[in-house]
Amino acid sequence: MSMQFDSRRSTVLARRGMAAASNPLAAQAGLNILRQGGRAADAAVAMSAVMNVTEPAACGIGGDCFALHFDAHSGEVTALNGSGRAPAALNAEDLRQRGWRAMPARHAHAVTVPGAVQGWADLLERHGSMSLAQVLVDAIHYAAKGFPLAPVFGVGWAGQADLLRVAPHAGEYLPGGRSPVPGQVIVLEELARTLRGIAEGGPQAFYEGPVAEAIAATVQEQGGVLTVEDLKAHHTTFDAPISSDYRGTTVVECPPNGQGLTALLALNMASNFDLGSLAWDDPERMHLMVECMRLAWADARWHIADPAFSLVPTDFLLGRDYAAGRAKLINAQQTLPPQPPGQPPGASDTIYLCAVDGEGNACSFIKSLFMGFGSGIVARGTGVWLQNRGSGFSLEPGHPNELAPNKRPYHTIIPGMLLRDGELHGCFGVMGGFMQPQGHFQVVSAMLDDGLDPQAALNRPRWMVADGQPNGELLLEEGVPVRTMAALGGKGHRVRPVSGWARRVFGRGQIILRDPDGGVLRGGSEPRADGLVAAF
(Lines give C-alpha, C1' and ligand atoms only; values in the text may rest on other atoms or scores of the structure.)
Protein backbone atom coordinates (compact mmCIF):
# COMPACT_ATOMS: atom_id res chain seq x y z
CA MET A 1 0.00 0.00 0.00
CA SER A 2 1.11 3.62 -0.54
CA MET A 3 2.86 5.34 2.34
CA GLN A 4 3.29 8.83 0.87
CA PHE A 5 1.82 10.67 3.89
CA ASP A 6 0.67 13.43 1.55
CA SER A 7 -1.89 15.84 2.99
CA ARG A 8 -4.10 18.28 1.17
CA ARG A 9 -6.45 18.67 4.10
CA SER A 10 -7.18 22.14 5.42
CA THR A 11 -7.37 23.24 9.03
CA VAL A 12 -10.70 22.27 10.62
CA LEU A 13 -12.80 25.10 12.07
CA ALA A 14 -15.55 24.87 14.69
CA ARG A 15 -16.78 26.54 17.89
CA ARG A 16 -18.67 24.10 20.13
CA GLY A 17 -15.97 21.48 20.63
CA MET A 18 -13.04 19.75 18.95
CA ALA A 19 -11.17 16.48 19.42
CA ALA A 20 -8.04 15.37 17.57
CA ALA A 21 -6.38 11.95 17.62
CA SER A 22 -4.27 9.74 15.35
CA ASN A 23 -7.14 7.28 14.85
CA PRO A 24 -10.54 8.38 13.44
CA LEU A 25 -12.52 6.12 15.78
CA ALA A 26 -10.81 7.71 18.77
CA ALA A 27 -11.42 11.25 17.52
CA GLN A 28 -15.10 10.43 16.99
CA ALA A 29 -15.29 8.95 20.50
CA GLY A 30 -14.02 12.25 21.86
CA LEU A 31 -16.55 14.17 19.78
CA ASN A 32 -19.35 11.91 21.07
CA ILE A 33 -18.43 12.85 24.63
CA LEU A 34 -18.33 16.56 23.81
CA ARG A 35 -21.74 16.37 22.10
CA GLN A 36 -23.15 14.74 25.23
CA GLY A 37 -22.04 17.77 27.24
CA GLY A 38 -18.77 16.32 28.47
CA ARG A 39 -15.72 18.42 29.10
CA ALA A 40 -12.33 18.36 27.41
CA ALA A 41 -10.92 16.02 30.09
CA ASP A 42 -13.79 13.56 29.58
CA ALA A 43 -13.18 13.55 25.82
CA ALA A 44 -9.45 13.02 26.31
CA VAL A 45 -9.95 9.91 28.45
CA ALA A 46 -12.51 8.52 26.01
CA MET A 47 -10.08 8.96 23.12
CA SER A 48 -7.22 7.50 25.11
CA ALA A 49 -9.27 4.40 25.91
CA VAL A 50 -10.20 3.85 22.26
CA MET A 51 -6.56 4.29 21.22
CA ASN A 52 -5.69 1.55 23.73
CA VAL A 53 -7.84 -0.74 21.59
CA THR A 54 -7.13 0.50 18.07
CA GLU A 55 -3.37 1.18 18.48
CA PRO A 56 -2.30 -1.34 21.13
CA ALA A 57 1.38 -1.28 20.18
CA ALA A 58 1.60 2.44 20.84
CA CYS A 59 -0.33 2.86 24.05
CA GLY A 60 -2.38 0.98 26.58
CA ILE A 61 -3.49 0.65 30.17
CA GLY A 62 -0.24 -1.19 30.83
CA GLY A 63 1.56 2.11 30.20
CA ASP A 64 1.76 5.66 31.53
CA CYS A 65 0.18 9.02 30.75
CA PHE A 66 0.78 12.74 31.19
CA ALA A 67 -1.67 15.60 30.71
CA LEU A 68 -1.87 19.37 30.76
CA HIS A 69 -5.28 20.85 31.51
CA PHE A 70 -6.43 24.46 31.08
CA ASP A 71 -9.40 25.54 33.19
CA ALA A 72 -11.36 28.20 31.32
CA HIS A 73 -12.89 29.64 34.51
CA SER A 74 -9.79 29.95 36.68
CA GLY A 75 -7.19 30.27 33.93
CA GLU A 76 -5.13 27.65 35.75
CA VAL A 77 -2.99 25.08 33.97
CA THR A 78 -2.37 21.84 35.87
CA ALA A 79 0.10 19.11 34.98
CA LEU A 80 -0.87 15.50 35.64
CA ASN A 81 1.98 13.01 36.00
CA GLY A 82 0.56 9.53 35.50
CA SER A 83 3.89 7.74 35.26
CA GLY A 84 4.65 4.67 37.34
CA ARG A 85 7.58 3.75 39.53
CA ALA A 86 10.16 1.00 39.61
CA PRO A 87 9.39 -2.03 41.78
CA ALA A 88 10.42 -1.71 45.42
CA ALA A 89 12.72 -4.74 45.09
CA LEU A 90 14.64 -3.51 42.02
CA ASN A 91 17.87 -1.53 42.28
CA ALA A 92 20.81 -0.61 40.10
CA GLU A 93 23.52 -2.32 42.12
CA ASP A 94 21.86 -5.73 41.81
CA LEU A 95 21.73 -5.36 38.03
CA ARG A 96 25.33 -4.16 37.82
CA GLN A 97 26.42 -7.21 39.82
CA ARG A 98 24.71 -9.34 37.17
CA GLY A 99 27.00 -7.73 34.61
CA TRP A 100 24.49 -5.30 33.14
CA ARG A 101 25.79 -1.90 32.05
CA ALA A 102 22.50 -0.57 30.67
CA MET A 103 18.85 -1.23 31.31
CA PRO A 104 17.38 -3.89 29.01
CA ALA A 105 14.53 -2.97 26.70
CA ARG A 106 12.56 -6.21 26.29
CA HIS A 107 12.87 -7.67 29.77
CA ALA A 108 10.63 -7.96 32.82
CA HIS A 109 13.00 -5.68 34.74
CA ALA A 110 12.03 -2.88 32.34
CA VAL A 111 8.39 -3.11 33.48
CA THR A 112 7.43 -0.24 35.77
CA VAL A 113 4.05 0.16 37.45
CA PRO A 114 1.45 1.22 34.81
CA GLY A 115 0.10 4.67 35.66
CA ALA A 116 -2.48 5.25 32.93
CA VAL A 117 -5.63 3.91 34.59
CA GLN A 118 -5.13 5.90 37.80
CA GLY A 119 -4.27 8.89 35.61
CA TRP A 120 -7.60 8.55 33.80
CA ALA A 121 -9.51 8.42 37.06
CA ASP A 122 -7.69 11.36 38.62
CA LEU A 123 -8.04 13.51 35.51
CA LEU A 124 -11.79 12.88 35.46
CA GLU A 125 -12.17 13.53 39.18
CA ARG A 126 -10.38 16.88 39.05
CA HIS A 127 -11.38 18.23 35.64
CA GLY A 128 -14.13 16.07 34.15
CA SER A 129 -17.89 15.83 34.52
CA MET A 130 -18.42 12.17 33.58
CA SER A 131 -17.57 8.77 35.08
CA LEU A 132 -15.16 6.14 33.84
CA ALA A 133 -18.14 3.98 32.92
CA GLN A 134 -19.49 6.73 30.65
CA VAL A 135 -16.25 7.53 28.85
CA LEU A 136 -15.16 3.91 28.31
CA VAL A 137 -18.29 2.91 26.36
CA ASP A 138 -16.76 3.22 22.89
CA ALA A 139 -13.49 1.54 23.86
CA ILE A 140 -15.32 -1.45 25.33
CA HIS A 141 -17.51 -1.69 22.23
CA TYR A 142 -14.57 -1.74 19.81
CA ALA A 143 -12.65 -4.26 21.89
CA ALA A 144 -15.64 -6.61 22.28
CA LYS A 145 -17.34 -6.20 18.89
CA GLY A 146 -14.30 -5.50 16.76
CA PHE A 147 -12.79 -2.62 14.79
CA PRO A 148 -11.20 -2.40 11.34
CA LEU A 149 -7.44 -1.97 11.56
CA ALA A 150 -6.35 1.44 10.24
CA PRO A 151 -3.91 1.57 7.30
CA VAL A 152 -0.80 3.29 8.66
CA PHE A 153 -0.90 1.70 12.10
CA GLY A 154 -1.77 -1.63 10.51
CA VAL A 155 1.51 -1.72 8.62
CA GLY A 156 3.37 -1.12 11.89
CA TRP A 157 1.44 -3.91 13.62
CA ALA A 158 2.30 -6.34 10.83
CA GLY A 159 5.96 -5.44 11.22
CA GLN A 160 5.93 -6.71 14.82
CA ALA A 161 5.01 -10.30 13.90
CA ASP A 162 8.27 -11.81 15.18
CA LEU A 163 7.85 -10.14 18.57
CA LEU A 164 4.19 -11.15 18.83
CA ARG A 165 4.96 -14.81 18.15
CA VAL A 166 7.22 -15.06 21.20
CA ALA A 167 5.44 -12.57 23.48
CA PRO A 168 3.85 -14.28 26.51
CA HIS A 169 0.03 -14.44 26.36
CA ALA A 170 -0.22 -12.33 23.19
CA GLY A 171 -2.49 -14.65 21.21
CA GLU A 172 -5.29 -12.10 20.82
CA TYR A 173 -2.91 -9.85 18.92
CA LEU A 174 -2.05 -12.52 16.33
CA PRO A 175 -5.51 -13.62 15.15
CA GLY A 176 -5.22 -16.99 13.44
CA GLY A 177 -1.50 -16.96 14.22
CA ARG A 178 -0.83 -14.14 11.77
CA SER A 179 -0.30 -10.41 11.97
CA PRO A 180 -3.52 -8.62 11.06
CA VAL A 181 -3.62 -6.50 7.92
CA PRO A 182 -5.18 -3.08 7.34
CA GLY A 183 -8.96 -3.37 7.04
CA GLN A 184 -9.13 -6.63 9.00
CA VAL A 185 -11.64 -6.62 11.86
CA ILE A 186 -9.91 -7.24 15.19
CA VAL A 187 -11.64 -8.43 18.36
CA LEU A 188 -9.83 -8.19 21.72
CA GLU A 189 -12.06 -10.06 24.16
CA GLU A 190 -9.58 -10.22 27.06
CA LEU A 191 -8.93 -6.49 26.85
CA ALA A 192 -12.69 -5.82 26.67
CA ARG A 193 -13.17 -7.79 29.88
CA THR A 194 -10.44 -5.78 31.62
CA LEU A 195 -11.94 -2.48 30.45
CA ARG A 196 -15.39 -3.52 31.66
CA GLY A 197 -13.91 -4.26 35.07
CA ILE A 198 -12.37 -0.78 35.21
CA ALA A 199 -15.64 0.83 34.10
CA GLU A 200 -17.53 -0.97 36.86
CA GLY A 201 -14.95 -0.96 39.65
CA GLY A 202 -12.76 2.05 38.95
CA PRO A 203 -8.97 2.00 39.15
CA GLN A 204 -9.12 -0.44 42.08
CA ALA A 205 -10.19 -3.09 39.57
CA PHE A 206 -6.80 -2.66 37.93
CA TYR A 207 -4.42 -2.05 40.83
CA GLU A 208 -5.97 -4.64 43.14
CA GLY A 209 -7.63 -8.02 42.65
CA PRO A 210 -7.37 -10.44 39.71
CA VAL A 211 -5.89 -8.01 37.15
CA ALA A 212 -3.16 -6.83 39.53
CA GLU A 213 -2.42 -10.42 40.49
CA ALA A 214 -2.14 -11.41 36.83
CA ILE A 215 0.24 -8.51 36.10
CA ALA A 216 2.51 -9.30 39.04
CA ALA A 217 2.49 -13.04 38.44
CA THR A 218 3.31 -12.65 34.73
CA VAL A 219 6.18 -10.25 35.38
CA GLN A 220 7.62 -12.60 38.01
CA GLU A 221 7.28 -15.57 35.64
CA GLN A 222 9.40 -13.63 33.17
CA GLY A 223 12.13 -12.90 35.70
CA GLY A 224 10.97 -9.60 37.17
CA VAL A 225 10.22 -8.53 40.73
CA LEU A 226 7.05 -6.39 40.39
CA THR A 227 4.50 -7.23 43.10
CA VAL A 228 0.84 -6.62 43.84
CA GLU A 229 2.00 -4.28 46.62
CA ASP A 230 3.87 -2.17 44.04
CA LEU A 231 0.70 -1.83 42.01
CA LYS A 232 -1.48 -1.04 45.00
CA ALA A 233 0.93 1.69 46.17
CA HIS A 234 0.78 3.60 42.88
CA HIS A 235 -0.48 7.19 42.88
CA THR A 236 -0.73 10.04 40.40
CA THR A 237 0.81 13.43 41.13
CA PHE A 238 -0.39 16.88 40.08
CA ASP A 239 2.56 19.21 39.56
CA ALA A 240 3.12 22.85 38.74
CA PRO A 241 3.82 23.04 35.00
CA ILE A 242 6.98 24.61 33.62
CA SER A 243 6.91 27.25 30.88
CA SER A 244 8.85 29.76 28.88
CA ASP A 245 7.97 32.68 26.62
CA TYR A 246 8.62 32.38 22.89
CA ARG A 247 7.73 35.24 20.55
CA GLY A 248 5.08 36.53 22.97
CA THR A 249 3.44 33.16 23.59
CA THR A 250 3.84 31.09 26.75
CA VAL A 251 4.82 27.51 25.91
CA VAL A 252 3.79 25.16 28.73
CA GLU A 253 5.18 21.68 29.43
CA CYS A 254 5.02 19.09 32.21
CA PRO A 255 8.03 19.19 34.56
CA PRO A 256 10.56 16.36 34.95
CA ASN A 257 10.60 13.36 35.03
CA GLY A 258 9.21 14.15 31.56
CA GLN A 259 11.42 15.64 28.83
CA GLY A 260 9.30 18.74 28.14
CA LEU A 261 12.16 20.75 29.63
CA THR A 262 14.17 19.80 26.53
CA ALA A 263 11.78 21.60 24.19
CA LEU A 264 11.80 24.72 26.36
CA LEU A 265 15.61 24.75 26.46
CA ALA A 266 15.77 24.64 22.66
CA LEU A 267 13.12 27.36 22.28
CA ASN A 268 14.91 29.61 24.79
CA MET A 269 18.16 29.31 22.87
CA ALA A 270 16.38 29.83 19.55
CA SER A 271 14.83 33.06 20.83
CA ASN A 272 18.32 34.58 20.49
CA PHE A 273 18.12 34.21 16.69
CA ASP A 274 15.74 35.74 14.14
CA LEU A 275 14.50 32.44 12.71
CA GLY A 276 11.44 34.06 11.12
CA SER A 277 13.68 36.06 8.77
CA LEU A 278 14.87 32.82 7.16
CA ALA A 279 12.89 30.33 5.07
CA TRP A 280 12.07 27.06 6.86
CA ASP A 281 14.39 25.10 4.56
CA ASP A 282 17.25 27.61 4.60
CA PRO A 283 20.35 25.68 5.72
CA GLU A 284 21.30 28.49 8.09
CA ARG A 285 17.95 28.32 9.91
CA MET A 286 17.90 24.54 10.09
CA HIS A 287 21.50 24.48 11.31
CA LEU A 288 20.73 26.99 14.10
CA MET A 289 17.68 25.00 15.22
CA VAL A 290 19.54 21.69 15.18
CA GLU A 291 22.42 23.16 17.20
CA CYS A 292 19.95 24.54 19.77
CA MET A 293 18.47 21.06 19.96
CA ARG A 294 21.84 19.38 20.42
CA LEU A 295 22.68 21.68 23.32
CA ALA A 296 19.26 21.04 24.84
CA TRP A 297 19.91 17.29 24.65
CA ALA A 298 23.24 17.72 26.41
CA ASP A 299 21.39 19.23 29.38
CA ALA A 300 18.38 16.93 29.26
CA ARG A 301 20.33 13.69 29.12
CA TRP A 302 22.04 14.53 32.40
CA HIS A 303 19.56 16.56 34.42
CA ILE A 304 16.10 15.08 33.75
CA ALA A 305 15.15 12.60 36.45
CA ASP A 306 12.54 11.97 39.12
CA PRO A 307 12.58 15.18 41.23
CA ALA A 308 11.56 13.15 44.29
CA PHE A 309 15.05 11.58 44.16
CA SER A 310 17.27 14.14 42.41
CA LEU A 311 17.41 17.92 42.38
CA VAL A 312 16.54 19.06 38.84
CA PRO A 313 17.78 22.68 38.43
CA THR A 314 14.80 23.68 36.29
CA ASP A 315 14.78 27.39 37.18
CA PHE A 316 18.49 27.71 36.41
CA LEU A 317 18.22 25.84 33.11
CA LEU A 318 15.23 27.93 31.96
CA GLY A 319 16.90 31.24 32.84
CA ARG A 320 17.31 33.70 29.97
CA ASP A 321 20.95 34.36 30.83
CA TYR A 322 21.66 30.65 30.68
CA ALA A 323 19.96 30.35 27.27
CA ALA A 324 21.89 33.33 25.92
CA GLY A 325 25.16 31.84 27.11
CA ARG A 326 24.43 28.50 25.51
CA ALA A 327 23.34 30.19 22.26
CA LYS A 328 26.72 31.97 22.07
CA LEU A 329 28.39 28.57 21.76
CA ILE A 330 26.72 28.03 18.38
CA ASN A 331 28.91 28.50 15.31
CA ALA A 332 26.83 29.47 12.28
CA GLN A 333 29.29 27.72 9.96
CA GLN A 334 30.08 24.47 11.78
CA THR A 335 28.33 21.98 14.02
CA LEU A 336 29.52 21.90 17.62
CA PRO A 337 31.48 19.01 19.09
CA PRO A 338 29.59 17.26 21.94
CA GLN A 339 29.08 19.69 24.81
CA PRO A 340 28.86 18.97 28.55
CA PRO A 341 25.63 19.77 30.35
CA GLY A 342 25.32 23.14 32.04
CA GLN A 343 25.66 23.13 35.83
CA PRO A 344 24.13 25.55 38.35
CA PRO A 345 26.67 27.86 39.97
CA GLY A 346 28.09 26.20 43.08
CA ALA A 347 26.68 23.10 42.69
CA SER A 348 8.95 6.51 22.21
CA ASP A 349 5.73 4.34 20.58
CA THR A 350 3.22 6.79 21.87
CA ILE A 351 -0.17 8.35 21.13
CA TYR A 352 -1.02 12.02 21.52
CA LEU A 353 -4.49 13.56 21.51
CA CYS A 354 -6.14 16.80 22.53
CA ALA A 355 -9.59 18.24 23.08
CA VAL A 356 -11.13 21.68 23.64
CA ASP A 357 -14.73 22.04 24.73
CA GLY A 358 -17.18 24.85 24.04
CA GLU A 359 -16.39 26.60 27.32
CA GLY A 360 -12.71 26.81 26.43
CA ASN A 361 -11.42 24.08 28.73
CA ALA A 362 -8.55 22.21 27.07
CA CYS A 363 -6.79 18.92 27.66
CA SER A 364 -3.47 18.00 26.10
CA PHE A 365 -2.98 14.27 26.72
CA ILE A 366 -0.32 11.68 25.91
CA LYS A 367 -0.01 7.97 26.69
CA SER A 368 2.57 5.34 25.81
CA LEU A 369 4.07 1.87 26.23
CA PHE A 370 7.44 3.30 25.10
CA MET A 371 8.68 0.81 22.47
CA GLY A 372 6.21 -0.93 20.15
CA PHE A 373 4.19 -3.33 22.36
CA GLY A 374 6.28 -2.19 25.33
CA SER A 375 8.19 -4.90 27.14
CA GLY A 376 6.75 -7.54 24.83
CA ILE A 377 4.84 -9.06 27.78
CA VAL A 378 1.06 -9.39 28.10
CA ALA A 379 -0.37 -10.02 31.56
CA ARG A 380 -2.04 -13.42 31.38
CA GLY A 381 -5.76 -13.29 30.65
CA THR A 382 -6.03 -9.50 30.68
CA GLY A 383 -5.08 -8.36 27.18
CA VAL A 384 -2.82 -5.78 28.84
CA TRP A 385 0.59 -5.10 27.29
CA LEU A 386 3.08 -4.00 29.93
CA GLN A 387 5.31 -1.01 29.24
CA ASN A 388 9.10 -1.01 29.24
CA ARG A 389 9.57 2.46 30.71
CA GLY A 390 12.18 1.09 33.11
CA SER A 391 14.58 0.95 30.16
CA GLY A 392 14.72 4.75 30.49
CA PHE A 393 16.72 4.45 33.73
CA SER A 394 20.50 4.76 33.83
CA LEU A 395 22.74 2.18 35.49
CA GLU A 396 25.61 4.68 35.74
CA PRO A 397 26.50 5.07 39.45
CA GLY A 398 25.60 8.52 40.71
CA HIS A 399 23.65 9.55 37.61
CA PRO A 400 20.55 11.62 38.55
CA ASN A 401 18.44 9.13 36.59
CA GLU A 402 20.05 6.02 38.12
CA LEU A 403 17.60 3.18 38.79
CA ALA A 404 16.31 3.06 42.37
CA PRO A 405 13.36 1.39 44.12
CA ASN A 406 10.05 3.29 43.79
CA LYS A 407 11.64 5.83 41.44
CA ARG A 408 10.14 7.18 38.22
CA PRO A 409 12.37 6.94 35.12
CA TYR A 410 13.30 9.57 32.55
CA HIS A 411 10.14 9.80 30.47
CA THR A 412 9.89 10.72 26.80
CA ILE A 413 6.17 11.53 26.54
CA ILE A 414 5.21 15.21 26.73
CA PRO A 415 1.96 17.08 26.08
CA GLY A 416 2.20 20.78 25.20
CA MET A 417 0.04 23.87 25.66
CA LEU A 418 0.16 27.50 24.49
CA LEU A 419 -1.11 30.58 26.37
CA ARG A 420 -1.37 34.25 25.44
CA ASP A 421 -1.92 36.83 28.16
CA GLY A 422 -3.03 34.05 30.49
CA GLU A 423 -5.69 32.77 28.10
CA LEU A 424 -5.70 29.54 26.17
CA HIS A 425 -4.08 29.81 22.76
CA GLY A 426 -3.95 26.08 22.04
CA CYS A 427 -2.87 22.56 22.89
CA PHE A 428 -0.43 20.52 20.84
CA GLY A 429 1.84 17.52 20.81
CA VAL A 430 4.10 15.50 18.55
CA MET A 431 4.51 11.92 19.75
CA GLY A 432 7.34 9.49 19.15
CA GLY A 433 10.18 8.81 21.61
CA PHE A 434 13.03 11.32 21.45
CA MET A 435 11.37 13.03 18.48
CA GLN A 436 8.85 14.63 20.83
CA PRO A 437 10.69 17.74 22.09
CA GLN A 438 12.18 18.15 18.62
CA GLY A 439 8.68 18.02 17.16
CA HIS A 440 7.44 20.53 19.73
CA PHE A 441 10.29 22.87 18.81
CA GLN A 442 9.56 22.63 15.10
CA VAL A 443 5.77 23.02 15.13
CA VAL A 444 5.94 25.89 17.65
CA SER A 445 8.50 27.64 15.44
CA ALA A 446 6.34 27.02 12.38
CA MET A 447 3.31 28.61 14.05
CA LEU A 448 5.02 31.45 15.93
CA ASP A 449 7.96 32.32 13.65
CA ASP A 450 6.18 31.74 10.34
CA GLY A 451 2.49 32.19 11.17
CA LEU A 452 1.42 28.78 9.85
CA ASP A 453 -1.97 27.36 10.75
CA PRO A 454 -2.09 24.03 12.65
CA GLN A 455 -2.41 21.78 9.62
CA ALA A 456 0.35 23.51 7.67
CA ALA A 457 2.64 23.33 10.72
CA LEU A 458 2.10 19.58 10.93
CA ASN A 459 2.55 19.10 7.19
CA ARG A 460 6.00 20.71 7.08
CA PRO A 461 8.91 18.25 6.59
CA ARG A 462 10.88 17.59 9.76
CA TRP A 463 14.38 16.86 11.00
CA MET A 464 15.52 14.84 14.01
CA VAL A 465 18.72 14.47 15.98
CA ALA A 466 18.75 10.67 16.16
CA ASP A 467 17.92 9.03 19.50
CA GLY A 468 18.13 12.34 21.33
CA GLN A 469 21.91 12.06 21.45
CA PRO A 470 23.83 15.36 21.26
CA ASN A 471 26.20 13.86 18.67
CA GLY A 472 23.58 11.78 16.87
CA GLU A 473 22.97 11.61 13.13
CA LEU A 474 20.74 14.31 11.64
CA LEU A 475 17.74 12.60 10.03
CA LEU A 476 16.05 14.69 7.33
CA GLU A 477 12.59 13.87 6.06
CA GLU A 478 11.66 13.53 2.43
CA GLY A 479 10.68 17.03 1.32
CA VAL A 480 13.78 18.76 2.70
CA PRO A 481 15.58 20.06 -0.43
CA VAL A 482 18.76 18.28 -1.52
CA ARG A 483 20.62 21.61 -1.54
CA THR A 484 19.74 22.01 2.16
CA MET A 485 20.93 18.50 2.94
CA ALA A 486 24.21 19.15 1.14
CA ALA A 487 24.77 22.46 2.92
CA LEU A 488 24.12 20.87 6.32
CA GLY A 489 26.57 18.11 5.48
CA GLY A 490 29.11 20.82 4.67
CA LYS A 491 28.62 22.27 8.16
CA GLY A 492 29.62 18.95 9.70
CA HIS A 493 26.24 17.31 10.28
CA ARG A 494 26.09 13.57 9.64
CA VAL A 495 23.04 13.76 7.38
CA ARG A 496 20.78 10.82 6.60
CA PRO A 497 17.73 11.28 4.32
CA VAL A 498 14.61 9.35 5.36
CA SER A 499 11.74 8.50 3.00
CA GLY A 500 8.79 6.15 2.61
CA TRP A 501 7.44 4.15 5.55
CA ALA A 502 10.51 5.03 7.65
CA ARG A 503 9.19 8.61 7.86
CA ARG A 504 7.03 7.53 10.80
CA VAL A 505 10.08 8.21 13.00
CA PHE A 506 9.31 11.93 12.68
CA GLY A 507 6.28 11.60 14.94
CA ARG A 508 2.53 11.99 14.81
CA GLY A 509 1.01 15.22 16.08
CA GLN A 510 -2.25 16.99 16.75
CA ILE A 511 -2.89 20.72 17.26
CA ILE A 512 -5.96 22.69 18.33
CA LEU A 513 -5.78 26.50 18.59
CA ARG A 514 -8.52 28.72 20.05
CA ASP A 515 -9.44 32.33 19.27
CA PRO A 516 -10.33 33.86 22.65
CA ASP A 517 -12.57 36.51 21.10
CA GLY A 518 -14.94 34.43 18.99
CA GLY A 519 -14.16 31.03 20.46
CA VAL A 520 -13.30 29.66 17.02
CA LEU A 521 -11.29 26.43 17.21
CA ARG A 522 -8.69 25.56 14.56
CA GLY A 523 -7.49 21.97 14.40
CA GLY A 524 -4.86 20.04 12.49
CA SER A 525 -4.04 16.33 12.43
CA GLU A 526 -0.83 14.57 11.47
CA PRO A 527 -0.57 13.56 7.78
CA ARG A 528 1.88 10.77 8.77
CA ALA A 529 -0.83 8.86 10.65
CA ASP A 530 -4.45 7.71 10.32
CA GLY A 531 -6.01 10.46 12.41
CA LEU A 532 -8.35 13.37 11.99
CA VAL A 533 -9.92 16.33 13.75
CA ALA A 534 -13.56 15.81 14.77
CA ALA A 535 -15.58 18.90 15.63
CA PHE A 536 -19.04 20.44 15.88
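Visitor: What do the side chains of arginine 247 and aspartate 449 meet in?

Guide: The side chains of arginine 247 and aspartate 449 meet in a salt bridge, with 2.7 Å from N to O. The model is a predicted one.

Visitor: Why is the contact of arginine 247 with aspartate 449 called a salt bridge?

Guide: A salt bridge needs a side-chain nitrogen of Lys or Arg within 4 Å of a carboxyl oxygen of Asp or Glu. The N to O value for arginine 247 and aspartate 449 is 2.7 Å, so the pair meets the cut-off.

Visitor: Is aspartate 449 buried or exposed, and how do you know?

Guide: Aspartate 449 has a relative accessible area of 15%. Buried means under 20%, so aspartate 449 counts as buried.

Visitor: What makes arginine 247 count as partly exposed?

Guide: The relative accessibility of arginine 247 is 33%.

Visitor: Where is arginine 247, and what is its phi?

Guide: Arginine 247 sits in the loop between strand 8 (242-246) and strand 9 (249-253). Its phi is positive, about 55 degrees, although arginine 247 is not a glycine.

Visitor: How many salt bridges does a search of the whole structure find?

Guide: The search finds 16. Among them is the one between arginine 96 and glutamate 402, at 3.0 Å from N to O. Both arginine 96 and glutamate 402 are buried. Another joins the side chains of arginine 380 and glutamate 221, at 2.9 Å from N to O.

Visitor: Why are arginine 380 and glutamate 221 called partly exposed?

Guide: Arginine 380 has a relative accessible area of 42%, and glutamate 221 has 44% relative accessibility.

Visitor: Which residues are linked in a network of salt bridges?

Guide: The network links Arg462, Glu477, Arg503, Glu526 and Arg528.

Visitor: At what angle do the axes of helix 13 and helix 16 cross?

Guide: The axes of helix 13 (residues 260-270) and helix 16 (residues 320-327) cross at roughly 70 degrees and come within 8 Å. Angles of 65 to 115 degrees count as roughly perpendicular, so helix 13 is roughly perpendicular to helix 16.

Visitor: Which residues meet where helix 13 touches helix 16?

Guide: From helix 13 come Leu265, Asn268 and Met269, and from helix 16 come Arg320, Tyr322, Ala323, Arg326 and Ala327. By class, this contact has five nonpolar, one polar and two charged residues.

Visitor: How do you know that the buried residues of helix 19 line one face?

Guide: The buried residues of helix 19 (residues 482-490) are Thr484, Met485 and Leu488. Seen down the helix axis, they fall within an arc of 100 degrees, so they line one face of helix 19. They pack against helix 14 (283-303), strand 17 (474-477) and strand 18 (495-498).

Visitor: What is on the other side of helix 19, and what follows the helix?

Guide: Val482, Arg483, Ala486 and Gly490 are exposed on the other side. Glycine 492 follows helix 19 and has a positive phi, near 105 degrees.

Conventions. Residues numbered from 1 in each chain as written. Predicted model: local features only at pLDDT ≥ 70, side-chain atom pairs only at ≥ 80, totals over all residues. Heavy atoms only, no water. Axes fitted to C-alpha atoms, helices over the stretch in contact; angles between N-to-C directions. Helix = DSSP H or I, 4+ residues; strand = E, 2+ residues; numbered from the N terminus. Parallel < 35°, antiparallel > 145°, perpendicular 65-115°, else oblique. Contact = heavy atoms within 4.5 Å. Nonpolar A, V, L, I, M, F, W, Y, C, P; charged D, E, K, R; others polar. Buried < 20%, exposed > 50% of the residue type's maximum accessible area, 1.4 Å probe, protein only. Arc of directions from axis to C-beta.
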